[in-house]
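Student: I have a model open on my screen. Can you show me how to read it, feature by feature?

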Amino acid sequence: MTVSSMTGFARGDGAHGDVRWAWEMKSVNGRGLEVRFRLPPGFDAMEIDLRKALGEVFTRGSFNVALNLRGGAGETAFSVNAAALDAAVKAIEDVRLRIDCERPRPEGILALRGVVEQEQALADDDARASLVAALIISFREVASALDKARMAEGAALQKLIEDQLDQIAKLAADARNVAAASPQAIKDKITAQMKELLASDIADERLAQEAALLAVKADVREELDRLDAHVAAGRDLLKDKSAIGRRFDFLTQEFNREANTLCSKAQDMGLKRIGLDLKSVVDQMREQIQNIE
């Protein structure tokens, strides 16, 4: 199986010295590779390496990644940023000079962004570098676990899509067997309609145009041939080792175009019902494709 879903979850625990941690990583559908990190204060610099590591494994998806640290470097303390506090107080006083209002409570001022800072109980630089290296290794392991989870769901998606391609192939074959889609039925239909046109007072040039239009509208074999070609292309895509989501989404648009044309051309209720069934299967398939990387 080569299809990968964009939906998955993975968690991994680790320890380094007296520091313990837990990575949590989940992904859902996304147009590209979108990542949001929630890292402890003092570890934001890791984000560049983490994004690079994630990009080595995945090409699409919307990711949420969280790191929880406990013990050692994971212990935190709070301090007041004096400069930020002074700026906040000055801004408040400026407002009170213009507007008659009560003074804010202290907890309101402390809640302002940047006034209170969370500090890590950091060790020396070598210990920090060693911890960061261990965290990145652990992150890669969790990314690998998430990749396996997405591949497992992708295997289920692939089975569904294979079944839907089989349904489309069968419906196209059924359409060929409908009497209205056979060459003789097409000929009989055109002959009957031409007799009606000949019985009316119509110019030769207009008669030729109407005849050509009838021939085109009555014959759906070209649409059925294209449906067969699209089914073959879909099966080839499922064997592709690279990300196929965007290409398969385009292919479903082609499926839908042929199904719509079949419905609009069908002058036989049996053929029209097949066209409507085709549209239903294609819509279901497109919903599944939205989950594929």
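Tutor: Start with strand 4. Seven of its 10 residues are buried, so strand 4 is largely enclosed by the rest of the structure. Buried means under 20% relative accessible area, exposed over 50%, and partly exposed in between (1.4 Å probe, protein chains only). Strands (E, at least two residues) and helices (H or I, at least four) are DSSP runs, numbered from the N terminus.

Student: What kind of model is this?

Tutor: This is a predicted model: local features need pLDDT of at least 70, side-chain atom pairs count only at pLDDT 80 or more, and totals for chains, interfaces and linings use all residues. Residues are numbered from 1 along each chain as its sequence is written, and side-chain values use heavy atoms, with hydrogens and water left out.

Student: How many helices and strands does the protein chain have?

Tutor: The protein chain has nine helices and six strands. Of its 293 residues, 38% count as buried.

Student: In which order do the strands of the open sheet lie?

Tutor: Pairing comes first. Two strands pair if DSSP finds at least two bridges between them. Here, four strands form an open sheet in the order 1-2-4-3, with mixed pairing. Strand 1 (8-16) and strand 3 are the edge strands, each pairing on one side only.

Student: In which sense does strand 4 pair with strand 2, and in which with strand 3?

Tutor: With strand 2, the sense is antiparallel, over nine bridges. Trp21 has Leu69 of strand 4 as its bridge partner, and Ala22 stands opposite Asn68 in strand 4. With strand 3, the sense is parallel, over six bridges. Val35 has its bridge partner Phe63 in strand 4.

Student: What is the hand of the crossover from strand 3 to strand 4?

Tutor: Point the strands away from you. If the path from the first strand over the helix to the second runs clockwise, the crossover is right-handed. In this model the chain goes from strand 3 through helix 1 to strand 4, and this β-α-β crossover is left-handed.

Student: Which residues of helix 1 are buried?

Tutor: First, the general idea. An α-helix has 3.6 residues a turn, so residues three or four places apart point the same way. In helix 1 (residues 47-55), the buried ones are Leu50, Ala53 and Leu54. They sit on the same side of helix 1, because they cover an arc of only 100° around the axis. That arc is taken from the directions from the helix axis to the C-beta atoms. The face turned away from the buried side carries the exposed residues Ile48 and Lys52.

Student: What covers those buried residues?

Tutor: The cover of helix 1 includes strand 2 (19-28), strand 3 (33-38), strand 4 (61-70) and helix 4. Contact means heavy atoms within 4.5 Å.

Student: Which residues have the most contacts inside the largest nonpolar core?

Tutor: A nonpolar core is a set of buried Ala, Val, Leu, Ile, Met, Phe, Trp, Tyr and Cys residues joined through side-chain atoms within 4.5 Å. The largest one has 30 residues, and Ile161, Leu165, Ile168, Phe248, Phe255, Leu278 and Met285 have the most contacts inside it. Helix 4 (125-177), helix 7 (221-239), helix 8 (245-265) and helix 9 (269-289) each give two or more residues to this core. A second, separate core has 27 residues, including Met25, Phe58, Val65 and Leu146.
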